[in-house]
Amino acid sequence: MDTPLTIAGRTFGSRLLVGTGKYPDYPTMVKALEASGAEIVTVAVRRVNLDRGKESLLDHIDPKKYTLLPNTAACYTEDDAVRTCLLAREAGMSNLVKLEVIGDEKTLFPDTEGLLAAARTLVKEGFVVLPYTNDDPIMAKKLEDAGCAAVMPLAAPIGSGLGIRNPYNIRIILDTVKVPVIVDAGVGTASDAAVAMELGCDGVLMNTGIAGAKDPVVMAEAMREAVSAGRKAFRAGRIPKKLYATSSSPIDGTFF
Amino acid sequence: MEIVVNGDRRKIEPGANLRSLLHELDLPESRVAVERNRAIIRKADYAGTALADGDRIEIVTFVGGG
């Protein structure tokens, strides 16, 4: 039996975490979330729409069914990120946050200096901090030492769909930290998610890979299966890679 | 009396408080978080938080995001 994903003492049956942004419409999102099997879904914190006719995300997501993980997307400073988390906690009554401190508009790579500072502040404030970071083992260790409940290195730039650009660094991060490692951002298709899990990651977080697919619901199902298959392959222990062939059929008993 | 709500000016009646403002805006308290002049106001304090001329109010909620 596999062990569940455990974050700060809370256990989750699914190792796939999904975002709620960029879906063509709410019904598609609802079906995709269902198909993904995810238990943790990310949300953003924004000004409420004062136009009463508009639907709200929370009309479609049952917080009893899903654990909401508010993010600090679009925060470029420690102050903005901390302010966003404080508001998210007040709105959602949970201390779980996906911390992002963005360094650059074009790449959306993290500003790890601001990220670490924000993580330290938020841990002191009692938050369970899941930081979106780059694939740098040194920074991952610093974030763990700062008290983060997991580290979430990017596979590739957010929304790029490039897959895991540096599997070797992800492996080193897995060797370096004891907290869960969740690959976050850059997953484009099912095989990318499977690779992350085969490397030994504890989970995968994605949004655009599902929401941006032509059929988000079928892609969500594919991602669910890929995460499950990748996890099983990791637990099963793959064969080593070799340059030359090893016969699968016996040589003994040949009659030619 | 005039306050600023999410960046927009808004006229309110004297004696208004945060709870009456949210009610007027038809916003469920359970789904939002509110800052008054950059300080977070706890839900339990909405009714007791009187609004003053020039207050800057931010009301946020969760939207779709990654």
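Tutor: In helix 4 of chain A, A:Pro137, A:Ala140, A:Lys141 and A:Glu144 meet A:Asn169, A:Ile172, A:Ile173 and A:Thr176 of helix 5 of chain A, where contact means heavy atoms within 4.5 Å. The residues of this contact divide into four nonpolar, two polar and two charged; Ala, Val, Leu, Ile, Met, Phe, Trp, Tyr, Cys and Pro count as nonpolar, Asp, Glu, Lys and Arg as charged, and the others, Gly among them, as polar. The model is a predicted one, in which local features need pLDDT of at least 70, side-chain atom pairs count only at pLDDT 80 or more, and totals for chains, interfaces and linings use all residues. Residues are numbered from 1 along each chain as its sequence is written, chains are lettered from A and ligands numbered from 1 in the order in which they are written, and side-chain values use heavy atoms, with hydrogens and water left out.

Helix 4 (residues 137-145) and helix 5 (residues 167-176) of chain A pack at about 30 degrees, their axes 9 Å apart (axes are lines fitted to C-alpha atoms, for helices over the stretch in contact, and angles run from 0 to 180 degrees between N-to-C directions; helices are DSSP runs of H or I, at least four residues, numbered from the N terminus). That angle makes helix 4 of chain A roughly parallel to helix 5 of chain A, a term for angles under 35 degrees.

Helix 4 of chain A also packs with helix 3 (residues 112-124) of chain A, the axes coming within 9 Å and crossing at roughly 15 degrees. Here A:Thr112, A:Leu115, A:Leu116 and A:Ala119 of helix 3 of chain A meet A:Met139, A:Lys142 and A:Leu143 of helix 4 of chain A.

Note on methods:
Helices (H or I, at least four residues) and strands (E, at least two) are DSSP runs, numbered from the N terminus. Angles under 35 degrees count as roughly parallel, over 145 as roughly antiparallel, 65 to 115 as roughly perpendicular and the rest as oblique.
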